[in-house]
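I opened my notebook to look through this one step by step. Here is what I looked up, in the order I took it.

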Amino acid sequence: MSLDAAMPRATAPAILPGSGGLRGALSDLFWRRPKLLLFLMLLPPVLWLGIVYIGSLFALLAQSFFSIDEFSGLINREFTLKTYGDLFQAANLDIIMRTVTMAALVTLASAIVAFPIAYYAARYARGRWKALFYLGVMLPLWSSYLVKIYAWKLILAKEGILTWLLAKLNLLWLLDAWLSLPIVGGNSLSVSFTGTFIVFVYVWLPFMILPVQAALERVPGNLVEASSDLGASPGQTFRNVLFPLALPGIVAGSIFTFSLTLGDYIIPQIIGTSRLFIGQAVYSQQGTAGNIPLAAAFTVVPIVIMGFYLWGAKRMGAFDAL
Amino acid sequence: MRSDRGQSAPLGLKIAAACGLLFLHLPILLIFVYAFTTEEKSFVWPPPGLTTQWFAVTWNRPDVWEALSLSIRVAAISTAIALVLGTLCAAAVSQTRFFGRETISLLVILPIALPGIITGIALRSAFALADIPFSFWTIVLGHATFCVVVVYNNAVARFRRTSGSMIEASMDLGADGFQTFRHIVLPNIATALLAGGMLAFALSFDEVIVTTFTAGQQQTVPIWMLEELIRPRQRPVTNVVAMVVVLVTLLPILFAYYLTRDGDQIAGSGK
């Protein structure tokens, strides 16, 4: 019937003739030996990533076991743990502690800011709004990293829009009071830890929103309703139902915010104080100081921290939320 | 069936979500205003006047054009390499199960999972150990490495949705492996590859951390901007370049979203 009607129109033969020659032989070979095809498919990417990337990582790791001769400035290519010992000097420990504290605070703040956006997008936004929310997170995520930092330089500058806004609201005293605090304050927001913190949160926020939203999408709405039917207040529902179910997503997002903050050296260099973060220490050790071994040892710190972090995250089931 | 459709959100949640989105977007919009300001020396707000003269000034700056040309060439070649490697890897991982499959996906994701500075300094020290001088190709080497994952993510998501029986049917009808790839597999994954390629291009175009370690004396657009941020020479030109960069990266993202919008939301799940 419908098949008969379709038949006359089919001009090409239904079954292609086998192609001969080398191409046919190769195709037959791959069909008979799928393992060979698999091997050939994997060979280029594995070679590239294995040699270029893993090879470089090992070269870096190897150099962290070298040491620098303090007088000649030459690199001594013999195995030693001395460079790792240097990491535990007070100044270097300070850098590590400062970076880890900043990463933890940034992660916490991103989670707090991200949650309402993710929850609204997951539970209430539908149709066009859903797409709008998705793009609303994706566009800032993919916008140029440097342009985002530059935008904040404009905002936080002493003559910039934030000061202007606070002056209009008669709140300048609040800004001045905040800037006069020790540690978090400074001459203006663009040269204080507060500024660094705000920019970190801004730049990494989308990385937190996406996994939290993914986790919340999987929470059935009737769980929340059941909780309030059973008499829980919104606060209790959040604490006992929503938060535990969103936690894997938050942990997945925190992998990004934490790791990215640990390794960044451009944000604190452009917006921040002269006190160093791990990334800046690595950069200056390998650049101006020429101390590649110490720079390499410094990079091992975030790798080790992230290793433990990922191990913990995996145990919490965070990878299912990615 | 979820029972919460049509229900409206509590006011507090609406306000918090709206504030969060404003926080994400207002700073970028500000760039567009500053591109037109008449002020040259400071970031004063509100702008004392508006002008379009800086567009002409920027247009006549050879250093901006050189940076732009280098960035585009690097991004194009890195994207091409990433497309080949990412597709091969995605096809292998999604079509077959083999020992070490998890390791391969980890290997692909690692260059963006570890902080960029580690990738950067690792490459730089490897170049130093192997006595490779900095060149166009050292930049490409770094960029292609972390662009693979974007293509891979998009392609894997599409392969998962493509039914294996279509490939079997094609083979049953006498097509050989190459014909099946050309007529069945490629049309199915084409838009995912296009989307992945666009994102890889945007990622490479925007990359600065790894590039500072692999570029030597050459300037890509982000390196040029970084120079301007650390040692400002002509702020209005920087403003204009910043605005252009925003526009240039937004278009591929929107297009990639349009290509993958039904189904796989994987497009940007890892940058």
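Is Asp131(B) buried or exposed? I counted 6 other C-beta atoms within 10 Å, so Asp131(B) is exposed. My cut-offs, with C-beta atoms placed from the backbone: a residue is buried if 20 or more other C-beta atoms lie within 10 Å of its own, exposed if 12 or fewer, and partly exposed in between.

**Ground rules.** This is a predicted model, where local features need pLDDT of at least 70 and side-chain atom pairs count only at pLDDT 80 or more, while totals for chains, interfaces and linings use all residues. Residues are numbered from 1 along each chain as its sequence is written, and chains are lettered from A and ligands numbered from 1 in the order in which they are written.

**Two loop residues.** I placed Asp131(B) in the loop between helix 5 and helix 6 of chain B. Helices here are DSSP runs of H or I with at least four residues, strands are runs of E with at least two, and both are numbered from the N terminus. The phi of Asp131(B) is near 60 degrees, a positive value in a residue other than glycine. Most residues other than glycine have a negative phi. I then looked up Asn170(A), whose phi is also positive, near 60 degrees. Asn170(A) sits in the loop between helix 8 (161-168) and helix 9 (172-179) of chain A. It counts as exposed because it has 8 C-beta neighbours inside 10 Å.

**Confidence.** I noted ipTM 0.81 and pTM 0.83 for the model. For chain B the mean pLDDT (the predictor's confidence in each residue, from 0 to 100) is 83, and 94% of the residues score at least 70. Within chain B, helix 3 has the highest confidence, at a mean of 90, and helix 4 the lowest, at 79. Residues 1-5 of chain B fall below 50, and this stretch has seven contacts in the model beyond near neighbours in sequence. Residues 264-271 of chain B are also below 50, with 26 such contacts. Two residues are in contact if their C-beta atoms, placed from the backbone, lie within 7 Å. Where pLDDT is low, the predicted coordinates should not be read in detail.

**Chain B.** I found 11 helices and zero strands. Its C-alpha atoms fill a box of roughly 70 × 65 × 30 Å along the principal axes. Of the 271 residues in chain B, 46% are buried. Among contacts in chain B with a separation of 6 or more, 78% join residues 24 or more positions apart. The chain is divided into domain 1 (10-51) and domain 2 (55-260), with bounds from an automatic or database domain assignment. Their C-alpha centres are separated by 30 Å. The contact between them takes six residues from domain 1 of chain B and seven residues from domain 2 of chain B.

**Chain A.** I found 15 helices and two strands. The radius of gyration, taken over C-alpha atoms, is 28 Å, well over the 20 Å that the globule rule gives for 322 residues, so chain A is more spread out than a compact globule. That rule is 2.2 Å times the number of residues to the power 0.38. The C-alpha box of chain A is roughly 85 × 65 × 40 Å along the principal axes. Buried residues make up 43% of chain A. Its domain assignment gives domain 1 (21-63) and domain 2 (84-321), whose C-alpha centres lie 38 Å apart. I also checked Leu57(A), which is in helix 3 (residues 34-63) of chain A. With 22 C-beta neighbours inside 10 Å, Leu57(A) counts as buried.

**The nonpolar core.** I defined a core as a set of buried Ala, Val, Leu, Ile, Met, Phe, Trp, Tyr and Cys residues joined through C-beta atoms within 7 Å. The largest has 169 residues, and Ala114(A), Ala118(A), Trp204(A) and Val212(A) have the most contacts inside it. Helix 10 (residues 193-217) of chain A gives the largest share of this core, 18 residues. Not counting residues up to four places away in sequence, Ala118(A) touches Ile209(A), Val212(A), Gln213(A) and Leu216(A).

**Where the chains meet.** How many residues does each chain bring to the contact? I got 75 residues from chain B and 83 residues from chain A. On the side of chain B that touches chain A, helix 1 of chain B gives the most, with 12 residues. That side divides into 56 nonpolar, 14 polar and five charged residues. The classes: Ala, Val, Leu, Ile, Met, Phe, Trp, Tyr, Cys and Pro are nonpolar, Asp, Glu, Lys and Arg are charged, and the others, Gly among them, are polar.
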